[in-house]
Amino acid sequence: MLTDKYTRPRDLHAFEIAIFCALRLEADAMIALFDGIWEQEEQYKKGPGDINSYTFGRIHQHPVVLVHMPRMGKASASSVAASLRSSFPYIRVGFLVGICGGVPFSGCGKQEIILGDVLISTHIVPSDFGRLYPHTFVRKNSLLDNLGRPSPEIGGFLSKLQGQAAQTGVKDSIRADLILSEYPGTSKDKLFEAGYSHKHAETTTCTVCAQWTHPEDDVCAEALNSSCTDLGCDPSRLVPRARIQTMNIKGYSASSYCPAIHFGGLASGDQVIKSASHRDHIAKQEGVIGFEMEGAGLWDTIPTIVVKGVCDYADSHKGKDWQPYAAATAAACAKGILKIWRGSVRRTEDRSDEEQFAPSPTHQIFSGNFTAGRNIYNGGTFTAESINF
């Protein structure tokens, strides 16, 4: 990949976009779509106390910084977001890009999600924050316990993204960037009935799995770490889906196929969901379309848009076969979105080098001893200097 030296920013103040990736395969998929990489630029010095690792580069006209998270989960996301702020005072938006589990049917069954589709967050639900009783788990759902709505800038941009013109542009961009990514095929997109667990099909093979009669019953440790092919999962328990059937009838090619993009709430928690019954219960109760693990840790610190490719159905049959392709679809979608995003205009060309590297002022004196706060994060709520769409 060629690096365009003429677009390199002079300092970290020029970076307004941060991309967060929790897994190496997610970061690799995103970096592969950079239009320029400034990995060896020693001029980009981190701020005091910043322990993050970054990759600097360009996507379309935007300087972007990719944050390599040390591990999955909300705590890791919250930590890297706090460190980021010490080095990048002008970050306007963060993109959490990677893979997730999808809810196959939502909106009373009207919305159908298949593997490889992309989910974009309109809001985040902290699904594992609550009280665990002997008979059930109750999520804390008061006003103070829920994450806030997207900022006005992000909310307006999400509304624009859902429009026909923006959708056409993003999908064209996705098709172009997915040419070299191999679609696993509809034959490998298998959704089993919610009540059918991932277990040994042959009752003489395992005494534990042989006693299974309900989704809540135990299955053996070997079954938990085996593929459906190895276990002989019953194909008669597969759920037929209209989109898969249509694709099989019409056919598709790698150059013409484009994953669908879905907008909705995403459940965010530190638990990996591998239970169809829990998936469907949470989806119905909270109205979410997918499950991921980092969004809640970023949401209150940096205005965030979560872009995740669906790699499994959050059930006991989930595997890793679709992870590379799902990471690629999410990265391609994020790049398509950035083609629409408009940066702000700041007059940095007239500043001296000392002024460019100095921190932005935190207040401005109007008269007497009266001061008015100008912190751009405004106590945790981001206020953009300008809004351009």
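**Close-up views of a predicted protein chain**

**Figure 1. Helix α2 and its cover.** Helix α2 (residues 74-87) is built from 14 residues and spans 21 Å between its first and last C-alpha, close to the 20 Å expected at 1.5 Å a residue; the expected span is 1.5 Å times one less than the number of residues. This is a predicted model, in which local features need pLDDT of at least 70 and side-chain atom pairs count only at pLDDT 80 or more, while totals for chains, interfaces and linings use all residues. Residues are numbered from 1 along each chain as its sequence is written, and side-chain values use heavy atoms, with hydrogens and water left out. Helices (H or I, at least four residues) and strands (E, at least two) are DSSP runs numbered from the N terminus. The buried residues of α2 are K74, S76, A77, V80, A81, S83, L84 and S87. Buried means under 20% relative accessible area, exposed over 50%, and partly exposed in between (1.4 Å probe, protein chains only). An α-helix has 3.6 residues a turn, so residues three or four places apart point the same way. The cover over the buried residues of α2 includes β1 (17-21), β3 (53-59), β4 (62-68), β11 (261-268) and α10 (295-299).

Figure 2. L84 of α2 is buried. Leaving aside residues up to four places away in sequence, L84 touches A18, F20, D50, N52, Y54, V65, V67, I91 and I302; contact means heavy atoms within 4.5 Å. The largest nonpolar core has 85 residues, of which I19, F20, M30, L84 and F95 touch the most other members. Helix α11 (residues 323-340) gives the most to this core, with twelve residues. A nonpolar core is a set of buried Ala, Val, Leu, Ile, Met, Phe, Trp, Tyr and Cys residues joined through side-chain atoms within 4.5 Å.

**Figure 3. The salt bridge between E153 and R92.** A salt bridge is a side-chain nitrogen of Lys or Arg within 4 Å of a carboxyl oxygen of Asp or Glu. By this rule there are twelve salt bridges. In one of them, the side chains of E153 and R92 meet at 2.1 Å, N to O. E153 lies in helix α3 (residues 152-161) and R92 in the loop between α2 and β5 (93-102), so the pair ties together parts that are 61 residues apart in sequence. Both residues, E153 and R92, are buried.

**Figure 4. The salt bridge between E193 and R237.** The N to O distance in the salt bridge of the E193 and R237 side chains is 2.8 Å. Because E193 is in the loop between α4 and α5 and R237 in the loop between α7 (228-231) and α8 (242-250), the pair ties together parts 44 residues apart in sequence. E193 is partly exposed, with a relative accessible area of 32%, and R237 is partly exposed at 26%.

**Figure 5. The salt bridge between K308 and E294.** The closest N and O atoms of K308 and E294 are 3.4 Å apart in their salt bridge. K308 is in strand β13 (residues 304-312) and E294 in the loop between β12 and α10, so placed that the pair links distant parts of the chain, 14 residues apart. K308 is buried at a relative accessible area of 1%, and E294 is buried at 4%. Elsewhere, salt bridges that share partners join E16, R92 and E153 into one network.

**Figure 6. Surroundings of V288.** V288 belongs to strand β12 (residues 288-292). V288 counts as buried because its relative accessibility is 1%. Apart from residues up to four places away in sequence, V288 touches V103, V125, G265, L266, A267, I282 and A283. The C-alpha atoms of V288 and S268 are separated by 9.9 Å, the two residues being 20 apart along the chain.

**Figure 7. H200 and E182 in the loop between α4 and α5.** H200 is found in the loop between α4 (164-177) and α5 (207-210), and E182 lies in the loop between α4 and α5. H200 is buried, with a relative accessible area of 8%, whereas E182 is exposed, with 69%. Residues touched by H200, not counting those up to four places away in sequence, are T205, C206, C209, C220, E222, A223 and L231. E182 and Y325 are 143 residues apart along the chain, and their C-alpha atoms are separated by 6.9 Å.
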